[in-house]
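Subject: A structure for you to explore

Hello,

Here is the structure I promised to pass on to you. Please open it beside this email and look up each residue as you read.

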Amino acid sequence: MTHVLMVGFGSVFLDAVEGAVPDDSIVVLEEPDNIRHRGLDGEAERRACLREVVPATYQQGGDCLDIATELHRNQPFEAVVPALEYAVPGAAAIAEKLGLPGATSRAAGVLRDKLLLRDVTGRAGMPTPRWREIHGPRDIVEFAEGGPVVVKPADRQASVGVQLLDHCDLAEAERAWRALLEAAEPGHAPDRPMDRRYLAEERVYGTEYSVEVLVREGHIEFFNVTEKSVIGGRHPVESGHVLPAPVSAGTEQDMRTAMRRLIEATGFGSGILHAEWIMTGSELVLVECAGRCPGDRLTDLLDLAYATGIRPALIEILAGRRPRLPQRAAGAAAIRFMSAPPGEVVSVEGVAEARRRPGVHSLQVMVGEGDRIRPWSSSWDRYGYALATGRTPEEANSRAVAAAASVRVRTR
């Protein structure tokens with residue numbers, strides 16, 4: 001029986017491995033504030049695979065290392081899994097302490113800090129935007145020199161706080177700086193004060209992709225390219241994904257090479273990487289990289305397109321084993337997020353019909369009459385999605401787009 005320590009409560013991850021791992025095989029460490037905000041007491045009674053949720057602080061340090069060591073002494077773990085973005089350094093530190101495979105603390109630290117990632121990959125000779133750390137609005141203006149610029153937190157997730165500024169005078173920079181400081185994620189970050197850093201970057205234009213890889217002892221065991229769709233405007237929130245991306249063999253090889261360079265530059269050991277790239281006319285530029293399963297249901301898309309189980313395979317790798325993984329997709333999968341004018345929801349129609357459309361695997365709408373829809377400023381503002389499969393990426397994408405569009409949400 002594999003005993004797994006999961007750092008951070010990942011409901012989607014737990015749903016996916018239910019039945020694929022033994023009952024009572026997973027222990028979760030979660031921030032006490034998040035347990036309270038998300039109502040996680042009693043989750044062990046609702047999930048067969050989950051033994052218990054243990055309060056422990058892991059974001060920017062904390063007591064998780066001591067707690068994990070004590071738990072391991074009583075019943076040894078075979079794998080330590082980061083379920084959330086903010087859990088990556090804690091999981092890596094625990095794995096090192098217990099002598100188990102993991103990202104390595106150095107790589108986890110680089111992946112969690114976009115400033116460090118820019119420095120490390122730039123020193124390794126990888127194409128990277130011009131960038132600098134910022135401490136206030138005047139730093140943004142000075143860096144932008146009146147032109148387009150990207151400003152973002154160095155250590156957040158789900159596009160929280162990320163802003164694309166087309167022109168940057170002092171008033172615009174002050175507005176962007178306030179948004180950086182006020183960006184919040186209730187239930188995902190603890191209530192205690194956190195140290196934050198921010199950066200400005202040169203705006204890079206081109207087609208956006210992500211690459212998902214499973215890595216074992218520094219070597220790629222599974223590889224996929226995803227094509228991304230991003231909304232226009234100030235906030236670059238993703239509106240959809242399709243995989244495997246319809247790219248040429250040459251572009252795919254370029255991305256494999258870039259991922260190997262990224263693994264080498266960061267010193268990544270074992271686990272999963274989700275790296276975001278922009279393909280310009282002449283080169284592949286790294287946007288950012290995460291050391292945990294991707295969000296946006298991308299792992300579900302991988303499972304469907306490749307007829308595999310990425311999360312159970314990740315557990316196997318982090319337990320020191322080598323799972324059999326497909327090298328080519330069996331089909332294609334896509335997701336499209338729904339949008340409606342901001343305001344109070346008056347009605348939701350067409351859900352049942354949308355779920356019956358060809359190729360639709362799952363469709364969720366998380367709002368009803370009386371709820372409010374906000375303008376998209378991060379991934380947390382999206383209220384629904386359609387996930388579909390197809391024989392080709394184009395077919396899967398068209399099915400997801402059609403299903404999402406057929407759900408009618410009226411607002412006022």
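This is a predicted model: local features need pLDDT of at least 70, side-chain atom pairs count only at pLDDT 80 or more; totals for chains, interfaces and linings use all residues.

In soluble globular proteins, nonpolar side chains tend to be buried together. Here the largest nonpolar core has 43 residues, and the members that touch the most other members are F13, I26, L214, L314 and I315. Helix α12, residues 310–318, gives the most to this core, with 6 residues. Another core, of 30 residues, lies apart from it, and includes A108, L111, M126 and F223.

Leaving out residues up to four places away in sequence, I26 touches V4, M6, L14, V17, V21, C49, L50, R51 and E52.

**An enclosed strand**

Next, find strand β18, which spans residues 384–390. Is it mostly enclosed or mostly open? Of its 7 residues, 6 are buried, so the rest of the structure largely encloses this strand.

Two strands pair with β18 in the lines I followed. Strand β14 (residues 332–337) runs antiparallel to β18 and is joined to it by 6 bridges; in this pairing, A333 has T389 of β18 as its bridge partner. Strand β16 (residues 360–365) also pairs with β18 in the antiparallel sense, over 5 bridges, and here Q364 is partnered with Y385 of β18.

**Aromatic pairs**

How many aromatic pairs does a search of the whole structure find? There are 3. F222 counts as buried because its relative accessibility is 1%, under the 20% cut-off. Y306 is buried too, with a relative accessible area of 6%.

Another pair brings us back to the enclosed strand. F337 and Y385 are also edge-to-face, at 6.4 Å centre to centre and 65 degrees between the planes. F337 lies in strand β14 and Y385 in strand β18, so the pair ties together parts that are 48 residues apart in sequence. Both F337 and Y385 are buried.

**Two buried arginines**

R118 sits in helix α7, residues 114–123. Is R118 buried or exposed? It counts as buried, at 2% relative accessibility. A polar atom of its side chain lies 3.0 Å from the backbone oxygen of L286. Not counting residues up to four places away in sequence, R118 touches T128, P129, W131, L199, E201, L286 and V287.

R292 is in the loop between β13 and α11, and it counts as buried at 14% relative accessibility. Which side chain does the side chain of R292 make a polar contact with? The partner is the side chain of E85, at 2.7 Å. Leaving aside neighbours within four places in sequence, R292 is in contact with P82, L84, E85, V88, I272 and H274.

Most residues other than glycine have a negative phi, and most peptide bonds are trans. With that in mind, have a look at these places:

- L243 and P244 are joined by a cis peptide bond, with omega about -10 degrees; P244 is in the loop between β11 (238–243) and α10 (249–266).
- Q60, which is not a glycine, has a positive phi of about 55 degrees. Q60 lies in the loop between β3 (50–55) and α4 (64–74) and counts as partly exposed, at 44% relative accessibility.
- D296 is not a glycine either, and has a positive phi of about 60 degrees. D296 is in the loop between β13 (284–290) and α11 and is buried, with a relative accessible area of 14%.

Enjoy exploring, and write back with any questions.

Best wishes

Key
Residues are numbered from 1 along each chain as its sequence is written. Side-chain values use heavy atoms; hydrogens and water are left out. A nonpolar core is a set of buried Ala, Val, Leu, Ile, Met, Phe, Trp, Tyr and Cys residues joined through side-chain atoms within 4.5 Å. Buried means under 20% relative accessible area, exposed over 50%, partly exposed in between (1.4 Å probe, protein chains only). Helices (H or I, at least four residues) and strands (E, at least two) are DSSP runs, numbered from the N terminus. Contact means heavy atoms within 4.5 Å. Two strands pair if DSSP finds at least two bridges between them. A polar contact is a pair of N or O atoms within 3.5 Å; within protein, one must be able to donate a hydrogen and the other to accept it, and residues adjacent in sequence count only if both atoms are side-chain atoms. Rings of Phe, Tyr and Trp (its six-membered ring) pair if their centres lie within 6.5 Å; planes under 30 degrees apart count as stacked, over 60 as edge-to-face and the rest as tilted.
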